[in-house]
Amino acid sequence: GEGLAALAARHAVLAPDLPGHGESDPLVHPALGRTASGIAAVLAVLDAFAVPRVRILATGWGATFALALAAAAPARVASLALAGLPRPDAAERDAWRASFAPETVEWHGGHLLRYWHTVRDGRLYAPYFRHDRAAIRWEEPDLDERRLQRDALELMKAAGHWQELHAELLGTTGDDALAAARARGVAVAEFPAGTDLAALAAGAA
């Protein structure tokens, strides 16, 4: 986005795809599980670029993963800026797990429409599958058709992978993960869901 471009104009920026996401290959260490394998992959990227420590910007479930990374390798993480850190209760965790049902490919293409709805509804509700007043995201949604299509295609490429990663991350509450990172000396700043962290960081740089 524009915020990331502005930040990259002033700082070195890495935006790696986790294993099985985007253009990355599937799990590097399948026996480790999705979270540990993702952490190993990110640390490998940092090593490849000879980056000793990083400042991480992360949103949503990416924020939960970033906290897990910081807790596992605090010496590599200078600080975290997190937007919309999930804090699901037991009922919400069950609802999330129910939403991770394996995708069925259908000859009439109905599964493609579900990908589109998942991305679009994620702009309108939090979580995306809960369509009541309490779940409405009140900030102005980004419903640009091209970006919706881009993100739907990315979700399709990560089918199966993102569900398994999310299911693992549900095992740790947001507050527990936050406390674990801070206990290891990592500076953490939280922001509301929808905050453009890259633009915020670029403006503060």
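Predicted model: local features only at pLDDT ≥ 70, side-chain atom pairs only at ≥ 80, totals over all residues.

Me: Start with the core. Which residues of the largest nonpolar core touch the most other members?

Reply: I56, L67, L80, L82 and V188 do. That core has 38 residues.

Me: Which elements supply at least two residues each?

Reply: Helix 2, strand 1 (54-59), helix 3, strand 2 (77-83), helix 5 (110-124), helix 6, helix 7 and helix 8 (174-183). Helix 3 gives the largest share, with 7 residues.

Me: On to helix pairs. At what angle do helix 2 and helix 3 pack?

Reply: About 70°, with the axes 10 Å apart. Helix 2 and helix 3 are therefore roughly perpendicular to each other.

Me: Which residues meet there?

Reply: Helix 2 brings T35, G38, I39, V42 and L43. Helix 3 answers with F65, A68, L69 and A72.

Me: And helix 5 against helix 6, what angle?

Reply: About 120°, and their axes are 9 Å apart. So helix 5 is oblique to helix 6.

Me: Is that crossing left-handed or right-handed?

Reply: The crossing of helix 5 and helix 6 is right-handed. From helix 5, the residues that meet helix 6 include L112, Y115, W116 and V119. On the helix 6 side, L148, A152, L155 and M156 are among them.

Me: Switching to helix 7. Which of its residues are buried?

Reply: In helix 7 (residues 161-169), H161, W162, Q163, L165, H166 and L169 are buried. They pack against helix 2 (34-48), helix 3 (61-72), helix 4 (90-98) and helix 6 (145-157).

Me: What does Q163 touch?

Reply: F100, A101 and A158, not counting residues up to four places away in sequence. Its side chain also makes a polar contact of 3.2 Å with the side chain of W162.

Me: Now R87. Where does it lie?

Reply: R87 sits in the loop between strand 2 and helix 4. This arginine is partly exposed, with a relative accessible area of 41%.

Me: Which side chain does R87 join in a polar contact?

Reply: That of D175, at 2.7 Å. Beyond four places in sequence, R87 is in contact with E92, G174, D175, L178 and E190.

Me: Last topic, the backbone. Which residues does a cis peptide bond join?

Reply: A126 and P127, with omega about 0°. P127 is in the loop between helix 5 and helix 6.

Me: Which non-glycine residue has a positive phi?

Reply: A50 has one, about 55°. A50 lies in the loop between helix 2 and strand 1. It counts as exposed, at 65% relative accessibility.

Me: Why flag those two spots?

Reply: Because most residues other than glycine have a negative phi, and most peptide bonds are trans.

Technical notes. Residues numbered from 1 in each chain as written. Heavy atoms only, no water. Buried < 20%, exposed > 50% of the residue type's maximum accessible area, 1.4 Å probe, protein only. Helix = DSSP H or I, 4+ residues; strand = E, 2+ residues; numbered from the N terminus. Contact = heavy atoms within 4.5 Å. Core = buried A, V, L, I, M, F, W, Y, C linked by side-chain atoms within 4.5 Å. Polar contact = N/O pair within 3.5 Å; in protein donor to acceptor, adjacent residues only side chain to side chain. Axes fitted to C-alpha atoms, helices over the stretch in contact; angles between N-to-C directions. Parallel < 35°, antiparallel > 145°, perpendicular 65-115°, else oblique. Left-handed = near helix turned anticlockwise from the far one by under 90°.
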